[in-house]
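Here is a short report for a reader meeting this structure for the first time. Look at the sequence and the fold, then read on.

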Amino acid sequence: MENNTFNGLDRVDPNLRDEMLAELFLNQMMNNFQKSKILEEIDQSLKNKDKEAFFRLTEDLKSVS
């Protein structure tokens, strides 16, 4: 199945297309990093039995997802 996001990129200037793809990639990597850090902090809050931190972090995670 083809990805509709990339179908339209065939008609875009190659330099602009590369820039757009690089930006999408970097955004995805930054989101993955943020999720990873929040998940580590959630684990720590569970170990510390810190309910407030757990609930705050789970809300943070929802906003990153």
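Which residues make up the largest nonpolar core?

## The core

The largest nonpolar core consists of I38, I42, A53, L57, L61 and V64, 6 residues. A nonpolar core here is a set of buried Ala, Val, Leu, Ile, Met, Phe, Trp, Tyr and Cys residues joined through side-chain atoms within 4.5 Å. Buried means under 20% relative accessible area, exposed over 50%, and partly exposed in between (1.4 Å probe, protein chains only). Helix α3 gives the most to this core, with 4 residues.

This is a predicted model: local features need pLDDT of at least 70, side-chain atom pairs count only at pLDDT 80 or more, and totals for chains, interfaces and linings use all residues. Residues are numbered from 1 along each chain as its sequence is written, and side-chain values use heavy atoms, without hydrogens and water.

## The helix pair

Helix α2 spans residues 14-47 and helix α3 residues 51-64. Helices are DSSP runs (H or I, at least four residues), numbered from the N terminus. The two pack at an angle of about 165°, with axes 9 Å apart. Axes are lines fitted to C-alpha atoms over the stretch in contact, and angles run from 0 to 180 degrees between N-to-C directions. So α2 is roughly antiparallel to α3 (an angle over 145 degrees).

V64 has contacts (heavy atoms within 4.5 Å) with N31, Q34, K35 and I38, leaving aside its neighbours within four places in sequence.

## The loop

K49 lies in the loop between α2 and α3. Its phi is near 55°, a positive value in a residue other than glycine. K49 counts as exposed because its relative accessibility is 77%.

Key. Angles under 35 degrees count as roughly parallel, over 145 as roughly antiparallel, 65 to 115 as roughly perpendicular and the rest as oblique.
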